[in-house]
Amino acid sequence: MDNYLYRQDWSSVLEFLNYSLHGEEMVCSMSTQLFHIPSTANLKGNAEMHNHLVPASYHRVTAVGSAKRLQNGEYHESIIQTLVSCVNNGLKEDQEITKWLDVMRDDAPNEFKPFIQNIIAWQQQTEQSLASAKQLLRQMGFGTQDQNQYSEYVY
């Protein structure tokens, strides 16, 4: 691949990834808080949702790190591969997070339903920001690979 492709301005991709990471911070903080409240400590779906939230967080953190490296002038195909696979894998995990957040909302005591709806709103913003980063990557000529092409590199 031509090195020119790596020397693009990555700031917009990084901005969307940072928005997504910020939203993820809120989802993690709020949903973990529920484990520490007696009436929601064993809320159906929360543990299952966290089984996807943890790798989704990892993929976002790794994507941000990769984008920062590219923005700072590093360029190597493997950094792009890491970035693309992490965005794709993060979006894949997001589907499961959303599924389990719906279970949590439905199972929650009434006084916690608005709180969980707020978590869902953060998750929607988080996912939309990551999807926007993916769209920008495609416009830049990256991310058109099969979603699982690079999954072997990112666990």
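Helices (H or I, at least four residues) and strands (E, at least two) are DSSP runs, numbered from the N terminus.

View 1. Of the 155 residues in the protein, 45% are buried, where buried means under 20% relative accessible area, exposed over 50%, and partly exposed in between (1.4 Å probe, protein chains only). Among contacts (heavy atoms within 4.5 Å) between residues at least 6 apart in sequence, 80% join residues at least 24 apart. Because this is a predicted model, local features need pLDDT of at least 70 and side-chain atom pairs count only at pLDDT 80 or more, whereas totals for chains, interfaces and linings use all residues. Residues are numbered from 1 along each chain as its sequence is written, and side-chain values use heavy atoms, with hydrogens and water left out.

**View 2. The largest nonpolar core and Val87 within it.** A nonpolar core is a set of buried Ala, Val, Leu, Ile, Met, Phe, Trp, Tyr and Cys residues joined through side-chain atoms within 4.5 Å. The largest one has 22 residues, and those with the most contacts inside it are Trp10, Val13, Leu17, Leu83, Val87, Leu137 and Phe142. Two or more residues are given to this core by each of α2 (11-33), α3 (46-71), α4 (77-107) and α5 (113-139), and the largest share, 7 residues, comes from α4. Apart from this core lies another, of 16 residues, among them Val27, Met49, Ala56 and Leu101. Once its neighbours within four places in sequence are left aside, Val87 is in contact with Leu17, Ala63, Leu130, Lys134 and Leu137. In soluble globular proteins, nonpolar side chains tend to be buried together.

View 3. Leaving aside neighbours within four places in sequence, Ala67 is in contact with Trp10, Leu14, Leu17 and Leu83. Although Ala67 and Ser12 are 55 residues apart along the chain, their C-alpha atoms are separated by 9.8 Å.

**View 4. The packing of α3 against α4.** Two packed helices are described by the angle between their axes and the distance between the axes. Axes are lines fitted to C-alpha atoms, for helices over the stretch in contact, and angles run from 0 to 180 degrees between N-to-C directions. For α3 and α4 the angle is about 155°, with the axes 7 Å apart, which makes α3 roughly antiparallel to α4; angles under 35 degrees count as roughly parallel, over 145 as roughly antiparallel, 65 to 115 as roughly perpendicular and the rest as oblique. α3 passes α4 in a left-handed crossing, a term used if the near helix is turned anticlockwise from the far one by less than a right angle, and right-handed if clockwise. The contact of α3 with α4 has 16 nonpolar, 8 polar and 6 charged residues, with Ala, Val, Leu, Ile, Met, Phe, Trp, Tyr, Cys and Pro counted as nonpolar, Asp, Glu, Lys and Arg as charged, and the others, Gly among them, as polar.

**View 5. The packing of α2 against α5.** The axes of α2 and α5 come within 8 Å and cross at roughly 160°, and the two helices are therefore roughly antiparallel to each other. The residues of their contact divide into 14 nonpolar, 12 polar and 1 charged.
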